[in-house]
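Reader: I would like to learn how to read a fold feature by feature. Please take me through one.

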Amino acid sequence: MFTESLTVADILKQTLAHSDFVVSWITAESEFVGWVTDNRHRIDCLVVEQSVPGRAVFERLQTQSILLPAIALEVRTNSNLAGGVLSIQSDRQLSYHSAVVWLPTNQVSQIESRVSQAIEQFIQLPVPDDDSTAPQAQRSADSQGFLLSLQQQRLIEKLQERLGYLGVYYKRSAQNFFRNMTPEERHEFLNQLRQDYRRIILNYFTKNDTSERNTVEKELNQQIDDYVNLAFFADISVSKIVEIHMELMDDFSKQLHIEGRSEDILLDYRLTLIDVIAHLCEMYRRSIPREQ
């Protein structure tokens, strides 16, 4: 983290105190650039205040082809960091890379979500393409593209090694979360979850010949994996899955009652619910950083 403001630094450190991030704070431009150069393979995200020295930091790193996920703190004048209408000194013009995430200094409480956003955007950053026919310009573009791809891959591998499924977790988009959907989208998505879960229930205890059993089990496991992935990337809670299960069991109970049949068979379907919940809980468990 590079900021000359002690107030901003203190708020950032307090906000991240209970997170899994290790924060390093440096106030001197040259010292910060040197530290980033030496530690670039260990850094998840840069946080740089957009003062004149802060812009120089990005320019020097870009010149050295050291590209990393980054957050640019917008400098605000007369700021008490508590909100309100404030003037902005920065004009959001940076030559570092297009995946830089901007964060006003009066919104630093959002730093954790912005770090995730910065990493997600950086991983998806396209390799630069230089249309110039000059051999020197082409070699420069090729070199920058190679280093960017290498740093993206190192970041992904580091996240996967250290955080398990967090590399997948960072690919989730909050825009696709259930809580951020429109009412119509929520209705459609829940219908899809119900239909897919009903299909899994009906196939769970299907009796087949021994020769077909392995194939059926593989298909069922794939259905469960697909279902869990759908729920995971929409940030669906386990309680919602339980609710869908109970609704379906209630429908089956009414149908069995009409047909005059025993409802005892429905107790067996608890195994289906346990199986699905176990898969989903494992996805969420692996998306939580391990203690360092």
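Reader: What is the order of the strands in the open sheet, and is the pairing parallel or antiparallel?

Author: Start with the general idea. Strands of a sheet pair through backbone hydrogen bonds, either parallel or antiparallel. Now the case here, which is a predicted model. The open sheet has 3 strands in the order β1-β2-β5, and the pairing is parallel. From one strand to the next, the twist averages 25°.

Reader: Which strands stand at the edges?

Author: β1 (46-49) and β5 (101-104) do. Each has a single partner strand, so one side of each is left without a neighbour in the sheet.

Reader: How many bridges join β1 to β2?

Author: There are 4 bridges, and the two strands run parallel.

Reader: How many bridges pair β2 with β5?

Author: Strand β2 (residues 70-74) and β5 pair over 4 bridges, in the parallel sense. Two partners can be picked out by name. Leucine 73 has leucine 103 of β5 as its bridge partner. Glutamate 74 has proline 104 of β5.

Reader: Which way do the side chains of β5 point?

Author: The general rule comes first. In a regular strand the side chains alternate between the two faces of the sheet. In β5, Val101 and Leu103 point one way, while Trp102 and Pro104 point the other way. All of these are buried.

Reader: Which helix lies across β1 and β2?

Author: Helix α3 (residues 52-63) does, running at about 135° to β1.

Reader: On to helix pairs. At what angle do the axes of α2 and α3 cross?

Author: Two packed helices are described by the angle between their axes and the distance between the axes. For helix α2 (residues 29-39) and α3, the axes cross at roughly 35° and come within 10 Å. The crossing is right-handed. From α2, the contact uses Glu29, Ser30, Phe32, Val33 and Val36. From α3, it uses Pro53, Ala56, Val57, Arg60 and Leu61. By class, the residues of this contact divide into 7 nonpolar, 1 polar and 2 charged.

Reader: Which residues of α9 and α10 meet?

Author: α9 brings Val238, Ile241, Val242 and His245. α10 brings Arg270, Leu273, Val276, Ile277, Leu280 and Cys281. The contact of α9 with α10 has 8 nonpolar, 1 polar and 1 charged residues.

Reader: Now the backbone. What is phi of aspartate 235?

Author: Again, the general idea first. Most residues other than glycine have a negative phi, and most peptide bonds are trans. Aspartate 235 has a positive phi, near 60°. Aspartate 235 lies in the loop between α8 (210-233) and α9. Its relative accessibility is 25%, so aspartate 235 counts as partly exposed.

Reader: Where is the place of serine 65?

Author: Serine 65 is in the loop between α3 and β2. Serine 65 also has a positive phi, about 60°, although it is not a glycine.

Reader: Why is serine 65 counted as buried?

Author: Serine 65 has 14% relative accessibility, and buried means under 20%. Its C-alpha atom is separated by 9.2 Å from that of tyrosine 96, a residue 31 positions apart along the chain.

Reader: Last, the whole chain. How many helices and strands does the protein chain have?

Author: The count is 10 helices and 5 strands. The protein chain has 292 residues, and 39% of them count as buried. Take the contacts with a separation of 6 or more: residues 24 or more positions apart account for 70% of them.

Notes:
Residues numbered from 1 in each chain as written. Predicted model: local features only at pLDDT ≥ 70, side-chain atom pairs only at ≥ 80, totals over all residues. Heavy atoms only, no water. Contact = heavy atoms within 4.5 Å. Nonpolar A, V, L, I, M, F, W, Y, C, P; charged D, E, K, R; others polar. Pairing = 2+ DSSP bridges. Axes fitted to C-alpha atoms, helices over the stretch in contact; angles between N-to-C directions. Buried < 20%, exposed > 50% of the residue type's maximum accessible area, 1.4 Å probe, protein only. Left-handed = near helix turned anticlockwise from the far one by under 90°.
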